[in-house]
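Please keep the sequence and the model side by side while reading.

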Amino acid sequence: MVIFIIHFFLGIGLFFLINWIGKHSYSIGYLEISMFIKTEEAPALNFLIRVLTPVVYIILVSTIFYYFGLDKYVWNIFLVNIYYIVFRLLFNLLTNRGLLLNWYRQFIYWGAIVVISYLTYENLIKVKANILPDFTTVANELWIIILIFVFQVTNNIRLSQDGSVKRKKTYLKARYNYFKNLYGKKIKKITQNEVLEAITYAIIIYEDFNRPKLARIIENIKFLITKKPHTLGVMQVSTTKLLTDSESVILGTTKIVDAYKLYLQKAAKENEENEYYDELTAMSQIISDYNTGTSYCYEVTELTQTIKEEF
């Protein structure tokens, strides 16, 4: 039981480690789960990070256990990567990311992780004397060169984005319809404007993606304990009292409408003789007023345009 608990938490630790590595690897081509269409610039890198990182992880962990004389915890340590896969699967399902996943590719990743992890355990980790690499032969050095060559070649492959486009459209349609059924009447009544409606839905979907229901429950618990001002609800409204998702939608939508009215007032002052209105500029300013950050404004604006065109 102790071994199981340690292995299970090592699996969860691996989940956060790979997410951290991926977060700091965007500049070299790592592709994260996203609502937006992105070209996979480095398929080989993505494969290595997602498949080989778990294998390297159990090798390093096993080496640490062996070093400190904790040999018993190395027994069946390949199970750590299976627990990691199960945890990642549950996380993606519970946070409504299932529609964004390329399941065919995920099963290839997971199958490769399980097979390579088991073989590594049986042929390398299981025998304590084998865990350190042997670079004394020319053959080993040759194979390293070959693997680097294969990596460089495959990393230049550009994969079709058709499947990714379809998944993201399906996800967006599902989330839009879901929130429209829940809050559509309230949003329409407050905005009375289709562009403002699109902005509202874009913010709801974007915030829900980054703060899924489970995360919001944890935020509510944290708020009840600390009593400090916090952003709560599906629209992540700053508040000093506990909010339901529905209340946050009302407050968030009202904030969007107020920002729009303020924009029109400024536009009228700057163009007293000929009032000027530019939809894209208005969108950007309303979204920036809701939440600062260049990336936030760009992505929510892009999402707004998509919702406006599609729905």
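Lysine 126 is partly exposed, with a relative accessible area of 45%, and glutamate 122 is likewise partly exposed at 29%. The side chains of lysine 126 and glutamate 122 form a salt bridge, with N and O 3.5 Å apart. A salt bridge here is a side-chain nitrogen of Lys or Arg within 4 Å of a carboxyl oxygen of Asp or Glu, and the count by this rule is 7.

This is a predicted model, in which local features need pLDDT of at least 70 and side-chain atom pairs count only at pLDDT 80 or more, while totals for chains, interfaces and linings use all residues. Residues are numbered from 1 along each chain as its sequence is written, and side-chain values use heavy atoms, with hydrogens and water left out.

Other salt bridges join separate helices. Arginine 175 and aspartate 208 meet at 2.9 Å, N to O. Arginine 175 lies in helix H6 and aspartate 208 in helix H7, so this pair ties together parts that are 33 residues apart in sequence. Both residues are buried. Arginine 216 forms a salt bridge with aspartate 245, the closest N and O atoms being 3.1 Å apart. Arginine 216 counts as buried at 6% relative accessibility, and aspartate 245 is buried at 14%. Arg175, Asp208, Lys213, Arg216 and Asp245 are linked in a network of salt bridges.

Helix H7 deserves a separate look. Which residues does H7 cover, and how many of them are there? H7 runs over residues 194-210, has 17 residues and reaches 24 Å from its first C-alpha to its last, close to the 24 Å expected at 1.5 Å a residue; the expected span is 1.5 Å times one less than the number of residues. Of its 17 residues, 15 are buried. At its start, a side-chain oxygen of asparagine 193 comes to within 2.8 Å of the backbone nitrogen of valine 195. Glutamine 192, in the loop between helix H6 (162-191) and H7, has a positive phi of about 50° although it is not a glycine. Glutamine 192 counts as exposed, at 68% relative accessibility.

Glutamate 299 in helix H11 (residues 294-310) is buried at 17%, and its side chain makes a polar contact with that of tyrosine 206 at 2.8 Å. Serine 62, in helix H2 (residues 43-67), has a relative accessible area of 0% and is buried. The side chain of serine 62 reaches the backbone oxygen of isoleucine 58 at 2.6 Å.

Finally, the chain as a whole. It has 11 helices and 2 strands, where helices (H or I, at least four residues) and strands (E, at least two) are DSSP runs numbered from the N terminus. Buried residues make up 40% of the 311 residues.

Key
Buried < 20%, exposed > 50% of the residue type's maximum accessible area, 1.4 Å probe, protein only. Polar contact = N/O pair within 3.5 Å; in protein donor to acceptor, adjacent residues only side chain to side chain.
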